Amino acid sequence: MKESADDFTQIAEKDIDITSGNGSHFWWNICYWKYVINSIYNGKRCEFMDKNELPEVKFNQNILDDIAYVNIKKKCDNKTKSNDGEIFSFAIEDKELLIEQIELINPNIVLCNHITFRSYCHLYGDEIEKLNEVCYKHNDRLILNFRHPSYFQIKGGRKTHFSDLKSALLDKNALDLFNWTK
């Protein structure tokens, strides 16, 4: 993520009700994207559905059990909009710390928007292989250069996010290139 738009204690809570509260676009998009990625990776059919039918909601699962995020900018200004130049400056300044945090988490998938992707590329340099316009490979890690999860002003809304991510993952069977344990 770029930076926190809210108080750290609020976003650190494990029990987040995605159906209400601050960041509802963020959490609903995360749920849809998680559903698409998991379905395609596990060879299951995935079609857009009503948000209340998503597994995290229908089966009352905690969406944070297998999700972590790292904010590039460590200072909370409680802003709802970030300055890309400022975010990238923090990525440059805190490069070693950010790499350490990412490697401690050791994710299979890193979801980025344009500035966080640019920052990730700065951190890891030439080690990143382009698979298509959205999917990149860094070692055995899938890097998605997609949209910010809070982004909602797109024609077609969540259904467009869903379809675009699904298409990118199915392009050249991007997920088949990774050796993760199922």
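## Leu169 and its contacts

Leu169 touches Val36, Ile37, Ile40, Cys135, Leu142, Leu144, Ala174 and Leu175, leaving aside residues up to four places away in sequence. Contact here means heavy atoms within 4.5 Å.

The model is predicted: local features need pLDDT of at least 70, side-chain atom pairs count only at pLDDT 80 or more, and totals for chains, interfaces and linings use all residues. Residues are numbered from 1 along each chain as its sequence is written, and side-chain values use heavy atoms, without hydrogens or water.

## Two nonpolar cores

A nonpolar core is a set of buried Ala, Val, Leu, Ile, Met, Phe, Trp, Tyr and Cys residues joined through side-chain atoms within 4.5 Å. Buried means under 20% relative accessible area (1.4 Å probe, protein chains only).

The largest core has 26 residues. Leu54, Cys135, Leu142, Leu144, Leu165, Leu169 and Leu175 touch the most other members. Helix H2 (24–41), strand S4 (141–145) and helix H7 (157–170) each give two or more residues. H2 supplies the largest share, 9 residues. Another core lies apart from it, with 18 residues, including Ile72, Ile87, Phe90 and Tyr136.

## The sheet

Helices (H or I, at least four residues) and strands (E, at least two) are DSSP runs, numbered from the N terminus. Strands pair if DSSP finds at least two bridges between them.

4 strands form an open, mixed sheet in the order S1-S4-S3-S2. Strands S1 (109–112) and S2 (128–130) each have a single partner strand, so one side of each lacks a neighbour in the sheet. S3 (residues 135–138) pairs with S4 in the antiparallel sense over 4 bridges. Lys137 stands opposite Leu142 in S4.

Conventions:
Buried means under 20% relative accessible area, exposed over 50%, partly exposed in between (1.4 Å probe, protein chains only).
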